[in-house]
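Q: Could we go through this structure together? I would like to begin with the overall fold and then turn to the aromatic rings.

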Amino acid sequence: MTAEPIDHGPLNPEDILRRLPADERDRFLREYHSALDAAHELWRFRQLQDVLRLWHLRAVAYAQPDFADRTEQARTGDPVAFVPAAEAIPGWPDRPNGSR
């Protein structure tokens with residue numbers, strides 16, 4: 001049997017750190033260490049998982065080539081980027097008002 005590296009999946013803190021832009025790494029490490037310290041209390045372990053999941057998603061978003069443009073559009077409210085829910089979500093107009 002040969003030794004294979006363990007795949008920790010997308011929530012591996014080393015992998016997340018590597019994929020983040022340099023200017024976000026310190027913030028990730030601060031939040032990660034805080035959640036890691038909190039995880040010593042069993043009832044707060046979920047906090048560590050949540051931090052890793054959130055930063056994994058951020059790393060995925062930062063990797064998108066148009067991330068900076070989309071972020072700026074969200075900040076400025078650029079109407080070019082706006083898509084009505086009826087166009088973006090299949091079946092939206094047919095939903096009762098309470099489920100929107």
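This is a predicted model: local features need pLDDT of at least 70, side-chain atom pairs count only at pLDDT 80 or more; totals for chains, interfaces and linings use all residues.

Q: What percentage of the residues count as buried?
A: Of the 100 residues, 17% count as buried. The accessible surface is about 8000 Å², and carbon and sulfur atoms account for 56% of that surface.

Q: Turning to the rings, how many aromatic pairs are there?
A: The count is three aromatic pairs. One of them joins Phe28 and Trp55 in an edge-to-face arrangement, with 5.6 Å centre to centre and 70° between the planes.

Q: Where in the chain do Phe28 and Trp55 lie?
A: Phe28 belongs to helix H2 (residues 22-38) and Trp55 to helix H3 (residues 45-62), so the pair links distant parts of the chain, 27 residues apart.

Q: Are those two buried or exposed?
A: Phe28 is buried because its relative accessible area is 1%, under the 20% cut-off. Trp55 is also buried, at 0% relative accessibility.

Q: And which arrangement do Tyr62 and Phe67 form?
A: Tyr62 and Phe67 form an edge-to-face pair, 4.8 Å centre to centre with 75° between the planes. Tyr62 is partly exposed at 22% relative accessible area, and Phe67 is partly exposed at 28%.

Q: Back to Trp55: which aromatic cluster includes that ring, and what lies over its face?
A: Trp55 forms one aromatic cluster with Phe28 and Tyr32. Arg58 lies over the face of Trp55, at 4.4 Å from the ring centre.

How values were computed:
Residues are numbered from 1 along each chain as its sequence is written. Side-chain values use heavy atoms; hydrogens and water are left out. Buried means under 20% relative accessible area, exposed over 50%, partly exposed in between (1.4 Å probe, protein chains only). Accessible areas come from the Shrake-Rupley method with a 1.4 Å probe; for residues, only the protein chains shown count as cover. Rings of Phe, Tyr and Trp (its six-membered ring) pair if their centres lie within 6.5 Å; planes under 30 degrees apart count as stacked, over 60 as edge-to-face and the rest as tilted. Helices (H or I, at least four residues) and strands (E, at least two) are DSSP runs, numbered from the N terminus. A charge sits over a ring if NZ of Lys or CZ of Arg is within 6 Å of the ring centre and within 35 degrees of the ring normal.
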